[in-house]
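Trainee: I have a new structure open and would like to walk through it with you. Could we start with the words you will be using?

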Amino acid sequence: MDIYKIYFWVMILYSTQYFVSSKETWEKIKDSGYPLKMYEYQTEDHFMLGMERMPYSKYGNKTIGKPVILLSGMFATSIVYVSHNKSLGYLLSDAGFDVWLFNYRVTGMSKKIKDPRTGIIPKLSSLNWDYSFHELAIYDLPAAIDLVISVTGYSQVDVGGVSLGGTIPLITLAERPEYNKKVRNLVLMAPASRMGSGYQGLPFYFIRALLRRFLKTDFNVRYISLNSDPDNVAVGQLCRLKMFGFICVQSMNLIQGMYHPLHKEPVIDVFTTYPQPTSVKSVKHYFQLILSGRFTNYDYGPIGNMAHYHSKQVPEYDIRKITAPAIIMYSKGDNLVPPQDIKWLLNNLPNIKSTLYIDKIKFSHQSFVMDKISHLVIGPYIVKQLSS
């Protein structure tokens, strides 16, 4: 080992003395001075879920406003909405909304809840992982909507999400259309639905080839959990150090395919808590949508589809059943959910309330929650639309 490698590892070991445990969503909220309530509830298929709530702002007269549920992207926790003092969760709270931060099953707060039948927190290996994000839509989100309505007394809630957090409510309202009457506004930030236009061309040929290989692989595991402590990943801790912080930000820029100044705090939080445990089936479902260019249920193959859907071809979600008013935000610089795919949504959703197309400035898929100016671009627009 040469002297440079020795120096590198000495610096790493020396730096770890400054590491502190990563803060969870509820700790971020408390440290920011906002009121906090936490709720535990159960889905129809018996998964325990948790939500953090900021009922009112730390400013003002403690009036509780209309409720809004925020959903994070794939593999992420609710922390993306409270990473720093200009995060969307705080902006909505300061605007007078009752903010509820949703966590998918086995994600964030939800994976630390005791099973009411046993009184213990179940091990990941003991859970039923036979689900894709279809189940998150037909079980998890409806349970959250019903809880918020029950607690607040409002008959409707605003539901907003970024990326997969926009996918889930689309599926919910298409598959369980009775929930349309419970949603006052549907706020979709770079919603992933049809994704056939993303990652196209020669630069992404090998990525798509890897996705096809993944789908053909018969895995012996049912879930993916890359870290023993998914809320305190070592890479994220390294990002806190000056010598690595710049590398982390640039790594995120590399992932999104463009350079743009991202806010350091949410980048750190993402690297520290990402990825959360998820089912192999969810990942396969996601890759299926990218490769097929269709917005469909999980594809079991011709034989499996016959058993599940009575058709060899997997059915597409019928978004024409979504009658809740939709507010859609998308950007020209989004490589994952490009404008071509969003246009399919705009042409097929029956009730578009408003749209925001960001094309005059650099704004990527990650920008909706990580950009240094997202509080100037996204926040005011959402507040205005929800207040009208």
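Mentor: Let us begin with contact, which means heavy atoms within 4.5 Å. This is a predicted model, in which local features need pLDDT of at least 70 and side-chain atom pairs count only at pLDDT 80 or more, while totals for chains, interfaces and linings use all residues. Residues are numbered from 1 along each chain as its sequence is written, and side-chain values use heavy atoms, with hydrogens and water left out.

Trainee: Okay, what does Ile-69 touch, not counting residues up to four places away in sequence?

Mentor: Ile-69 touches Trp-100, Phe-102, Ala-144, Ile-145, Val-148, Val-157, Asp-158, Val-159 and Gly-160.

Trainee: And which residues have the most contacts inside the largest nonpolar core?

Mentor: They are Ile-69, Ile-145 and Ile-168, in a core of 60 residues. A nonpolar core here is a set of buried Ala, Val, Leu, Ile, Met, Phe, Trp, Tyr and Cys residues joined through side-chain atoms within 4.5 Å; buried means under 20% relative accessible area, exposed over 50%, and partly exposed in between, with a 1.4 Å probe and protein chains only. Helix H4 (residues 133–152) gives the largest share of this core, 10 residues; helices (H or I, at least four residues) and strands (E, at least two) are DSSP runs, numbered from the N terminus.

Trainee: Switching to strands, how many residues of strand S6 are buried?

Mentor: Seven of the seven residues of S6 (residues 183–189) are buried, so the strand is largely enclosed by the rest of the structure. S6 pairs in the parallel sense with strand S5 (residues 157–162) over six bridges, and with strand S9 (residues 326–331), also in the parallel sense, over four bridges; two strands pair if DSSP finds at least two bridges between them.

Trainee: Which residues does UniProt list for "active site"?

Mentor: The unreviewed UniProt entry lists Ser-163, Asp-334 and His-365, although such annotations may be inferred rather than shown by experiment. They are spread over 203 residues of sequence, yet they cluster in space, with a largest C-alpha distance of 10.7 Å.

Trainee: Is Asp-334 buried or exposed?

Mentor: Asp-334 counts as buried because its relative accessibility is 2%, and it lies in the loop between S9 and helix H12 (339–348).

Trainee: What joins the side chains of His-365 and Asp-334?

Mentor: A polar contact of 2.8 Å joins them, that is, a pair of N or O atoms within 3.5 Å, where within protein one must be able to donate a hydrogen and the other to accept it, and residues adjacent in sequence count only if both atoms are side-chain atoms.
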